[in-house]
Amino acid sequence: MRKPANLFLILFIASAVSGVLHGLSQQYGLFPIVAQLHRLLWGACLINGFFVYLGFGFNRHLPKRVLIPLLLWLLWALVAYWPLDYFALGWGQLVAYIGQLIFGILLLKVNSLLNNKSLLLTPEQFVGPSFSFSTLIKFVLISLVVLPVSFLLVAFSVVSGVLDRSTGGFVQLRPDGLYMQEKVYHLDGKDIRLAGMIHLGHGSYFSDLIASIPAERTLILAEGVSDEAGLMSERFSYGNIAGNLGLASQEQFHFAGRRISLADLRRPYREDYDGPHILDADIDLQQFDPRSVEVLNALARYFLSADSLWQGYLEFNRWAEENITVDTNRVLMHDLIDKRNQAVIDLLPQALERYDVVVVPWGALHMKGIETAVRAADFYLHDTYLRRSISFFDLPLGRIVQQLRSND
């Protein structure tokens with residue numbers, strides 16, 4: 001077990017170094033390939049750490065005071081170093097990786113004090129019989145608690161990672177709730193604020209975001225598909241779901257400011273306008289494929305209007321199995337994401353000519369594509385803000401469980 005343990009020590013340090021580089025890359029847009037290297041090293045460290053943990057049951061020579069603190073650090077990493085983000089103000093991961101590097105070096109130094117020879121484990125630390133029946137019994141008893149908790153944390157980390165990668169980091173899962181990230185990009189005195197949004201959340205989340213928007217020389221590119229031809233036969237609203245979950249709906253909150261038209265955007269900025277300006281930057285439903293409109297109507301009819309979330313989900317799922325094909329899904333995502341992203345991206349150059357701050361408060365799934373276009377225009381990441389949109393502890397779990405039981 002000495003060689004696997006030494007490999008674990010090396011991978012722990014290597015993943016910390018790659019994590020620091022990855023954190024710097026995220027802040028300054030440097031070396032994007034570092035992210036792939038870090039994921040590879042981190043995954044190897046986690047897998048190797050699991051086998052080292054199993055080794056405690058069969059090799060009593062493994063130095064617990066060196067290895068167990070590192071294994072505990074890995075468990076903390078599985079929950080994204082929560083609640084470090086509360087204190088690090090957008091630099092949480094970078095601070096955590098620097099801490100991991102320092103922590104790893106300190107424990108290597110502890111090991112060198114134990115063997116008086118090397119930072120890594122030496123053969124002299126493994127002299128004598130390695131197996132002890134009493135050690136195995138203790139290990140099994142401890143593992144009855146440790147392994148289920150560890151697997152739960154791994155599952156949490158997998159879900160969190162999928163959310164993070166699919167949304168470009170604009171949605172982040174933490175043990176206490178769901179967080180939305182805002183990224184501020186800067187270039188030549190201009191700011192683009194990409195504020196990932198969610199349709200459902202606590203009222204304080206929406207009000208805090210609205211209050212953070214400056215008044216002067218600011219344009220909000222508002223999201224919201226129009227329906228001039230009345231193609232929606234159903235009312236598309238998240239209010240019913242919000243009520244069932246004890247949350248507020250995004251549609252209940254409105255950005256304060258003066259609405260302008262595309263024609264106004266081409267006119268010089270008038271300093272006597274109070275508050276930010278708001279421009280509808282979305283497309284009309286007539287630009288959607290008819291199949292997409294059919295899906296949206298079905299979603300509103302079966303799910304959004306249902307008294308029971310679970311029953312509504314089942315009914316929409318049955319409809320989807322009969323009516324949504326792979327091609328329909330592709331067309332739907334192209335309409336919902338790609339076409340609408342392009343509409344707001346096309347408006348950014350005109351908006352930046354007239355305004356110093358452009359706010360894009362769009363759904364989080366849009367942000368990855370919009371962010372790519374902003375980076376391509378040479379804007380660099382200047383700041384980030386993390387806001388909790390949903391607190392798991394405040395959800396009416398009793399009501400949700402009761403609804404699930406009523407549909408068994």
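**Exercise 1. State which domains the protein has and how far apart their centres are.**

Step 1. The domain assignment, which is automatic or from a database, gives domain 1 (1–167) and domain 2 (172–406). Residues are numbered from 1 along each chain as its sequence is written. The model is predicted, so local features need pLDDT of at least 70, side-chain atom pairs count only at pLDDT 80 or more, totals for chains, interfaces and linings use all residues, and side-chain values use heavy atoms, without hydrogens and water.

Step 2. Taken over C-alpha atoms, the centres of domain 1 and domain 2 are 38 Å apart.

**Exercise 2. Describe the interface of domain 1 and domain 2 by contacts, buried area and polar contacts.**

Step 1. Contact (heavy atoms within 4.5 Å) joins 17 residues of domain 1 to 15 residues of domain 2.

Step 2. The two domains bury about 1400 Å² between them, 56% of it on carbon and sulfur atoms. Buried area is the accessible area (1.4 Å probe) that two parts lose on being put together, summed over both.

Step 3. Two residue pairs are in polar contact across the interface, both at pLDDT 80 or more. A polar contact is a pair of N or O atoms within 3.5 Å; within protein, one must be able to donate a hydrogen and the other to accept it, and residues adjacent in sequence count only if both atoms are side-chain atoms.

Step 4. On the side of domain 1 that touches domain 2, α1 (2–28), α4 (85–88) and α6 (133–166) each give two or more residues. Helices here are DSSP runs (H or I, at least four residues), numbered from the N terminus. The largest share, seven residues, comes from α6.
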